[in-house]
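Trainee: I have a model open on my screen. Can you show me how to read it, feature by feature?

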Amino acid sequence: IRDRTKGAGIEGTAVIANDLRDHLRGKVDDDVVKRGADMIKWISVVPEALKAVGAGSPSSLHDPTEGGLINGLWEMAEAAGVGLRVDVSSILIPEETRLICGALGVDPLRLLGSGALLIAAQPGEADKIMKALEEEGIRASVIGKVRPPTEGRILVDEAGAHVFIEAVEQDEIYRILDELG
């Protein structure tokens, strides 16, 4: 059983916590920075992928890397030729990621995302996959729905505003390392 929650920005959080530790001092508790640095151990998605495939029939699996979760969603939709409607409030973001990103003005959804696993599945299959992951102590959530391509790729933020999902031009990790590193 895993004792961690995976989500957006895992690898980027680990890189920031390790490489920009001095910039985080006084802005984020040292314990949070240490836990963030330790997130580098979370970047494999093999156990989740095997569990997902064993529990159901996912349409696709994707480990979002550069450009984070947003770019991963765009890549999946682009490859499948579909639209998306994604609810930001349903996206899991680890506490360490929220705090570290918040302290430095980094968008966790556009941050190096290795360790997260995006799974596309039919609704009935999604329920089976999520149940199997939960049984292993891996939190998962349905963050959106595939839509016809004519509806576009939409991110619905916490305020209900609609933003188009587009390819990420620069990962937040490069921006913040250029700015502070």
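Mentor: We start with the ground rules, then take helices, single residues and the pocket.
This is a predicted model: local features need pLDDT of at least 70, side-chain atom pairs count only at pLDDT 80 or more, and totals for chains, interfaces and linings use all residues. Residues are numbered from 1 along each chain as its sequence is written, and side-chain values use heavy atoms, with hydrogens and water left out.

Trainee: Which residues are buried in α6?

Mentor: First the terms. Helices (H or I, at least four residues) and strands (E, at least two) are DSSP runs, numbered from the N terminus. Buried means under 20% relative accessible area, exposed over 50%, and partly exposed in between, with a 1.4 Å probe and protein chains only. In α6, the buried residues are E96, T97, I100, C101 and L104.

Trainee: What do the buried residues of α6 pack against?

Mentor: Contact means heavy atoms within 4.5 Å. The partners are α1, α2 (21–24), α3 (30–38) and α8. Past the helix comes G105, with a positive phi near 70°.

Trainee: Now zoom in. Is T97 buried or exposed?

Mentor: T97 is buried, at a relative accessible area of 0%. T97 belongs to helix α6, which spans residues 95–104. Setting aside residues up to four places away in sequence, T97 touches A8, G9, T13, M39, G102 and P108.

Trainee: What does A103 touch?

Mentor: A103 is also found in helix α6. Its relative accessible area is 25%, so A103 is partly exposed. Not counting residues up to four places away, A103 touches L24, K27 and V28. A103 and I16 are 87 residues apart along the chain, and their C-alpha atoms are separated by 11 Å.

Trainee: On to α8. Which of its residues are buried?

Mentor: Helix α8 covers residues 172–180, and E172, I173 and I176 are buried there. They span an arc of only 100° around the axis, which means that they lie on the same side of α8. These buried residues pack against α1 (10–19) and α6.

Trainee: What happens at the start of α8?

Mentor: Check for a polar contact: a pair of N or O atoms within 3.5 Å. Within protein, one must be able to donate a hydrogen and the other to accept it, and residues adjacent in sequence count only if both atoms are side-chain atoms. At the start of α8, a side-chain oxygen of D171 comes within 2.7 Å of the backbone nitrogen of I173.

Trainee: Where does H162 lie?

Mentor: H162 is in strand β6, residues 162–164. H162 is partly exposed, with a relative accessible area of 48%. Leaving out residues up to four places away in sequence, H162 touches R85, I154, L155 and V156. H162 and V86 are 76 residues apart in sequence and 9.5 Å apart in space, C-alpha to C-alpha.

Trainee: Is A79 buried or exposed?

Mentor: A79 is exposed, with a relative accessible area of 72%. A79 lies in helix α5.

Trainee: Last item. What volume does the largest pocket have?

Mentor: The search runs on a 1 Å grid over the protein atoms alone. A pocket is an open set of points where a 1.4 Å probe fits, with protein on both sides within 12 Å along at least five of seven lines; lining residues have an atom within 4 Å of a point. Grid points are joined across faces, edges and corners, and a volume is the space filled by probe spheres set on the points. The largest pocket has a volume of about 1000 Å³. Its lining has 40 residues, and I119, A120, S141, V142 and I143 are the closest to its centre.

Trainee: Which element gives the most to that lining?

Mentor: That is α7, with 6 residues.

Conventions
The arc is that of the directions from the helix axis to the C-beta atoms.
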